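Me: I would like to go through the terms used for this model and see what each one rests on.

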Amino acid sequence: MDALQSIVTDLNTLIPIINHWLHLLSAVIWIGGLAFLVMAVTPGLKKAVAKEQIKPITDIFYQHYKKVAGTLLVVLLFTGGVNLHYVNQVMTSQTQLGIQHNAKYLTIFFIKLALVLCLMTLFLYTVIFKSDDEENEDGTYEAIPYQQAALWMGFFIILCAAAMKHLHL
């Protein structure tokens, strides 16, 4: 009980835990929602619904997802920055050298950051420039253009996060 009480009362321990939890929760919801759209909604609608009904249904799903994803993007960027600060503190306390002296960590971090920027670009593209009647070359309609590419980027972002977690311990 004393260990739990010391975690709850020590803000230097509690804030990084809650921040990291919010970061992970946001990533899980964002990538999980995208995975659900790619793996379940899109194929399910193609099999169960007439072609002319797919667009209005997927647009409704995407309108809700877009609001959630936009909010999650802001949360991910903020909590990611805070996480980076706390990881730097841990590295500095363990090795007397910060993140800037850990080439492996920085390499994975910049790969992750590049993938996040690509995902953000795809998201902002769909929000700002997406036409209401875009179809793929094969005549199918995707509520989120490049949704499969975005999902794969999300998977690799999670892989980078796992690698980063183990490179600063």
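Predicted model: local features only at pLDDT ≥ 70, side-chain atom pairs only at ≥ 80, totals over all residues.

Me: What is the mean pLDDT of the protein chain?
Reply: The mean pLDDT (the predictor's confidence in each residue, from 0 to 100) is 84, and 85% of the residues reach 70 or more.

Me: Why are H2 and H3 called roughly antiparallel?
Reply: Helix H2 (residues 11-48) and helix H3 (residues 51-95) pack at about 155°. Angles under 35 degrees count as roughly parallel, over 145 as roughly antiparallel, 65 to 115 as roughly perpendicular and the rest as oblique, so H2 and H3 are roughly antiparallel.

Me: Why is the pair of Tyr 62 and Tyr 65 called tilted?
Reply: Rings pair if their centres lie within 6.5 Å; planes under 30 degrees apart count as stacked, over 60 as edge-to-face and the rest as tilted. The centres of Tyr 62 and Tyr 65 are 6.4 Å apart and the planes stand at 40°, so the pair is tilted.

Me: What makes Trp 152 exposed and Phe 156 partly exposed?
Reply: Buried means under 20% relative accessible area, exposed over 50%, partly exposed in between (1.4 Å probe, protein chains only). Trp 152 has 51% and is therefore exposed; Phe 156 has 44% and is therefore partly exposed.

Methods
Residues numbered from 1 in each chain as written. Heavy atoms only, no water. Axes fitted to C-alpha atoms, helices over the stretch in contact; angles between N-to-C directions. Helix = DSSP H or I, 4+ residues; strand = E, 2+ residues; numbered from the N terminus. Phe/Tyr/Trp six-rings, centres within 6.5 Å; stacked < 30°, edge-to-face > 60°.
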